[in-house]
Amino acid sequence: MWVPQLPQRLLWDHNAYYGRWLLRRLPERVPSALDVGCGAGWLATALAERAGRVDAVDRSAEMIRLARAREANGVRWLVGDVLADDLPLAEGYDLVTAVTCLHHMPLEPALHRLAGLVRPGGRLAVVGMYVPATVADRAIEVLALPANGLLGLALAARGRAGKPYAPDMPVRVATDPLATIRRAAAGIMPGAQVRRRLFWRYTLLWRRPAGSGDDQ
């Protein structure tokens with residue numbers, strides 16, 4: 001999707017914005033967490049303050065190199081593909097997060113994998129990107145364009161604008177419309193809440209039933 005470029009001083013981090021949104025809705029303490037597509041590690045570092053242990057994985061060795069430079073006790077940084085069988089992950093986590101990385105993977109295999117990494121009673125929290133395809137999508141875009149600039153102005157006035165992540169972070173255009181994502185989520189993780197969000201994102205929140213086994 002095309003997003004008009006703001007002046008440099010008004011740019012701001014949409015992923016961090018929704019990452020903070022997720023953190024406000026997640027448990028204050030969890031025994032274990034996994035951050036998929038961790039990038040330079042900002043969310044994994046935040047999760048380390050509330051989880052007993054955190055695994056953070058990214059396919060980019062450069063992103064993991066930057067992430068390891070952070071002061072983040074209790075985080076195990078892993079280079080690799082979360083879909084690969086040989087990645088040394090735990091059998092399950094109490095919290096799995098994935099911010100703007102799901103569209104880098106085939107949708108249904110990725111959802112199956114993420115759901116399978118959630119322990120019974122645990123949570124999955126995703127911030128994703130989608131292709132606008134409906135009248136509702138276009139209406140949200142119309143609202144998002146001026147709001148994007150206004151929020152950039154507000155953040156710049158408070159000294160909080162800017163893009164803190166690395167310029168070499170891998171970028172890929174989303175290919176799935178929201179209806180496809182909702183349909184796949186409903187089939188793989190019944191009860192998942194998929195919501196369209198203002199700034200070219202959607203959120204997916206799911207809690208695995210406490211009594212479920214390995215049938216997800």
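Leaving aside its neighbours within four places in sequence, which residues is His103 in contact with? The legends below take up this point and then other close-up views.

This is a predicted model, in which local features need pLDDT of at least 70 and side-chain atom pairs count only at pLDDT 80 or more, while totals for chains, interfaces and linings use all residues. Residues are numbered from 1 along each chain as its sequence is written, and side-chain values use heavy atoms, with hydrogens and water left out.

View 1. His103 is found in the loop between strand 4 and helix 4, where helices (H or I, at least four residues) and strands (E, at least two) are DSSP runs numbered from the N terminus. Apart from its neighbours within four places in sequence, His103 is in contact with Met129, Arg172, Val173 and Ala174, contact meaning heavy atoms within 4.5 Å. His103 counts as buried at 14% relative accessibility, the term buried standing for under 20% relative accessible area, exposed for over 50%, and partly exposed for values in between (1.4 Å probe, protein chains only). Thr100 also has its place in the loop between strand 4 and helix 4, and its phi is near 50°, a positive value in a residue other than glycine; at 12% relative accessibility, Thr100 counts as buried. Most residues other than glycine have a negative phi.

**View 2. The buried side of helix 4.** In helix 4 (residues 107-116), the buried residues are Leu107, Ala110, Leu111, Leu114 and Ala115. Because they cover an arc of only 130° around the axis, they lie on the same side of helix 4, the arc being that of the directions from the helix axis to the C-beta atoms. The buried residues of helix 4 pack against strand 1 (30-36), strand 4 (93-99), strand 5 (118-128), helix 6 (178-188) and strand 7 (202-207).

**View 3. The largest nonpolar core.** A nonpolar core is a set of buried Ala, Val, Leu, Ile, Met, Phe, Trp, Tyr and Cys residues joined through side-chain atoms within 4.5 Å. The largest such core has 34 residues, of which Val36 and Leu204 touch the most other members, and at least two residues of this core are supplied by each of strand 1, strand 4, helix 4, strand 5, helix 6 and strand 7. A second, separate core of 27 residues includes Leu22, Ile64, Ala67 and Val127.

**View 4. The aromatic cluster of Tyr17, Tyr18, Phe199 and Trp200.** Ring pairs link these four residues, Tyr17, Tyr18, Phe199 and Trp200, into a cluster; rings of Phe, Tyr and Trp (its six-membered ring) pair if their centres lie within 6.5 Å, and planes under 30 degrees apart count as stacked, over 60 as edge-to-face and the rest as tilted. The structure holds four aromatic pairs. Tyr17 and Phe199 form an edge-to-face pair, 5.8 Å centre to centre with 85° between the planes, and this pair links distant parts of the chain, with Tyr17 in helix 1 (residues 14-23) and Phe199 in the loop between strand 6 and strand 7, 182 residues apart. Tyr17 is partly exposed, with a relative accessible area of 32%, whereas Phe199 is buried, with a relative accessible area of 3%. The rings of Phe199 and Trp200 have their centres 6.2 Å apart and their planes at 45°, so this pair is tilted. Trp200, in the loop between strand 6 (193-196) and strand 7, has a phi near 60°, a positive value in a residue other than glycine, and counts as buried at 5% relative accessibility.
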